[in-house]
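Please examine the structure shown below. The report that follows describes selected parts of its architecture.

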Amino acid sequence: MIRLERLTKLYHMGDLEVPALRGIDLEVGDGEFIAIMGPSGSGKSTLMNLIGCLDQPTAGRYILDDVDVSGLTDDELAWIRNRKIGFVFQSFNLIPRATALHNVEMPLIYAGENQNRRDKALAALASVGLQERARHMPSELSGGQQQRVAIARALVTDPSILLADEPTGNLDSESSLEIMRLLAELNQQGRTIVLITHEPDIARFAHRIVRLRDGLVVSDQPQAIPAGATETAP
Amino acid sequence: MTLLEALRLAMGGVVANRLRSGLTMLGILIGVAAVILLVGVGNGASAAVQQQIEALGSNLLIIFPANAKSGGIQQGFGTASTLTMDDVRALADRQAAPDVAAAIPSASGRLQVTFSNQNWNTSLTGTTQDFPSVRNYQMASGQFFTSADVSTASKVAVIGQTVVDNLFNGADPIGQVIKLNRQSFRVIGVFASKGGSGFNNQDDVVVTPITTAWNYLLGGRGRNVQQIYVAARSPQATQAASDEVTQILLDRHHVSDPAQADFQILSQQDILSSASQTTGILTLMLGAIAGISLVVGGIGIMNIMLVTVTERTREIGIRKAIGARRRDILTQFLIESMFLAGVGGALGILVGILAGRGLPAVVSALPAPLISAPSVLMAFGISVGIGLFFGIYPANRAARLHPIEALRYE
């Protein structure tokens with residue numbers, strides 16, 4: 001599903017070259033729930049941007065669903081983001097002057113899907129338990145609800161991977177648990193999930209934990225008893 | 001993304017900032033209204049001038065003497081005195097000039113006319129009895145002079161409405177004695193008003209027999225015919241009449257090469273085309289001046305679109321993250337700027353038309369503006385085009401944003 005080979009990313013700060021990733025090798029299989037952990041500055045955001053096809057690596061290869069993504073054009077990357085990747089951001093990133101329904105519909109609009117668009121968006125909202133709030137604006141929803149709308153938006157095009165970048169970073173612990181249970185449930189239904197976090201509490205839902213430090217993988221271990229969809233507060 | 005979807009999106013953006021969008025539209029509105037109004041004024045003036053020239057009579061030919069040459073130096077237009085009374089008589093020959101209905105001489109000058117304690121400066125035309133028919137004048141009262149008056153050089157005058165208004169103070173001018181350059185003339189007729197204004201006022205005239213003008217009023221200039229007016233039988237016969245007149249005058253003046261002719265013939269068509277050329281330039285100039293304000297409006301759109309793009313940087317990042325291509329973002333912002341310009345333009349057309357209707361009531365000296373459908377369509381097209389042109393840079397800037405940087409933007 002995902003294969004990273006010697007993935008490297010350099011940033012240029014004026015004349016200075018700052019290595020963010022220094023050769024990452026990683027494979028994520030179909031249906032896995034993997035957490036990428038590490039302190040700030042370890043390169044996990046950079047890795048997330050590369051896996052999410054928001055940025056291109058400086059060197060190395062990224063193969064997604066048997067396609068080498070490393071050399072694609074901007075528009076080709078947009079297509080991959082649209083069809084294969086569902087993003088869940090820390091700050092929700094909903095468009096403020098669009099209803100929940102319209103936000104969820106948006107990836108389908110860019111996919112050029114005109115039929116069943118409304119139905120699909122409503123179904124996605126229902127799968128996160130928010131069909132009642134379809135006509136609400138993001139500002140009328142709680143943080144947990146907004147993040148659930150964002151998850152519905154990520155799911156609506158039925159992507160290969162759900163990419164969650166600190167999905168609970170802006171939420172209280174109760175909402176956080178709610179969101180993590182939702183992700184665990186989606187994983188049980190067969191969805192591949194890549195979770196990026198620095199909180200062990202959150203990472204315990206994953207089946208496999210990859211730790212980064214200074215742009216390198218320092219450990220990659222399966223988690224014996226991951227928390228499940230029925231998990232209550234620790 | 002379909003066009004309808006893009007339009008809905010753009011409208012959402014416009015509606016989200018009502019005041020700002022409204023003010024931006026106002027810039028285009030004023031520009032378009034100014035173009036429509038000023039071009040309308042130009043066209044109105046053009047139509048008014050055309051009407052006045054057509055009032056001369058569409059079958060009219062005017063013959064001027066050629067430019068005089070003094071010591072090898074060309075003098076101004078019509079300065080030679082090569083036309084004579086005999087030429088006029090020859091042109092009235094039905095055999096040689098079957099398409100000429102009548103020909104009259106004209107000798108003119110300016111003079112002072114007084115009646116009782118009033119005086120007025122006006123133009124004098126000395127001519128013959130066919131003047132009213134050739135020049136298209138009607139009599140309001142009294143009558144025109146006859147051929148007998150011409151041959152005896154009688155001191156009679158026919159005057160225009162403007163002269164009557166300025167001298168007679170409501171009294172009946174017929175039979176009154178006026179003084180032309182301090183010599184007594186009897187008023188025997190008054191012309192019906194022909195309209196016209198300014199230097200082209202065809203009612204500000206005094207007409208006498210040409211012999212009388214030569215003898216008493218145009219002293220020192222000899223028996224000189226300044227112009228000959230020829231009326232063709234019909235507007236269609238104007239060209240034929242012009243050819244006949246040319247032949248007769250060439251023969252009479254013993255000129256074999258038409259290029260060396262010592263006279264020039266101007267038809268009403270010639271005057272009309274040169275006048276419409278002048279008013280065309282006027283219209284163009286007015287349109288260009290108004291066009292400047294349209295460009296300023298366009299810059300306003302560009303400015304506001306740049307602000308909008310900056311404000312919505314994060315939104316652009318989100319859209320890109322969920323799969324919007326460059327083209328999608330470009331279309332969204334281009335449509336938004338064209339929408340601003342298009343609505344501004346449509347309102348501008350409305351304001352321009354209403355102002356055009358109201359203008360004559362405010363400035364009565366101005367001819368009524370003529371607003372034509374093509375100019376309205378063009379103005380609308382141009383305003384949308386301006387939205388497109390000035391929207392390209394901001395939209396392109398939005399489309400080129402890097403998704404990560406856009407997402408990080410606070």
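Which residue in S8(A) is the bridge partner of A:Ile34? The bridge partner in that strand is A:Val194.

## Basis of the description

The model is predicted: local features need pLDDT of at least 70 and side-chain atom pairs count only at pLDDT 80 or more, while totals for chains, interfaces and linings use all residues. Residues are numbered from 1 along each chain as its sequence is written, and chains are lettered from A and ligands numbered from 1 in the order in which they are written.

Strand S3 (residues 33-37) and strand S8 (residues 192-196) of chain A run parallel and are joined by 4 bridges. Strands here are DSSP runs (E, at least two residues) and helices are runs of H or I of at least four residues, both numbered from the N terminus; two strands pair if DSSP finds at least two bridges between them.

In chain A, 6 strands form an open sheet with mixed pairing, in the order S6-S7-S8-S3-S9-S10. Its edge strands, each pairing on one side only, are S6 and strand S10 (216-222) of chain A. On average, neighbouring strands of this sheet are turned by 20 degrees against each other, direction ignored. H5(A) packs on the sheet and touches S6 and S7 of chain A, its direction making about 170 degrees with that of S6(A). Such angles run from 0 to 180 degrees between N-to-C directions, and axes are lines fitted to C-alpha atoms, for helices over the stretch in contact.

Strand S1 (residues 2-13) of chain A runs antiparallel to S4(A), with 5 bridges joining them. In S4(A), A:Ala59 is the residue opposite A:Thr8.

S4(A) also pairs with strand S5 (residues 67-68) of chain A, in the antiparallel sense and over 2 bridges. Here A:Leu64 stands opposite A:Val67 in S5(A). The hairpin of S4(A) and S5(A) has 2 residues between the strands, and A:Asp65 takes a positive phi near 50 degrees.

## Helix packing within each chain

Helix H5 (residues 143-155) and helix H6 (residues 173-188) of chain A pack at about 20 degrees with their axes 9 Å apart. Residues making the contact include A:Gln147 and A:Ile151 of H5(A) and A:Glu178 and A:Leu182 of H6(A); contact requires C-beta atoms, placed from the backbone, within 7 Å.

In chain B, the axes of helix H9 (residues 268-311) and helix H12 (residues 373-400) come within 9 Å and cross at roughly 30 degrees. That makes H9(B) roughly parallel to H12(B). By class, their contact has 14 nonpolar, 3 polar and 1 charged residues (Ala, Val, Leu, Ile, Met, Phe, Trp, Tyr, Cys and Pro count as nonpolar, Asp, Glu, Lys and Arg as charged, and the others, Gly among them, as polar).

## Contact between the chains

The contact takes 21 residues from chain A and 18 residues from chain B. On the side of chain B that touches chain A, H10(B) gives the most, with 4 residues. By class, this side has 9 nonpolar, 3 polar and 6 charged residues.

The buried residues of H2(A) pack against elements including strand S4 (59-64) and helix H3 (100-110) of chain A, together with helix H10 (313-321) of chain B. Among these buried residues of helix H2 (residues 74-84) of chain A are A:Leu77 and A:Arg81. A residue is buried if 20 or more other C-beta atoms, placed from the backbone, lie within 10 Å of its own, exposed if 12 or fewer, and partly exposed in between.

Conventions
Contact = placed C-beta atoms within 7 Å. Parallel < 35°, antiparallel > 145°, perpendicular 65-115°, else oblique.
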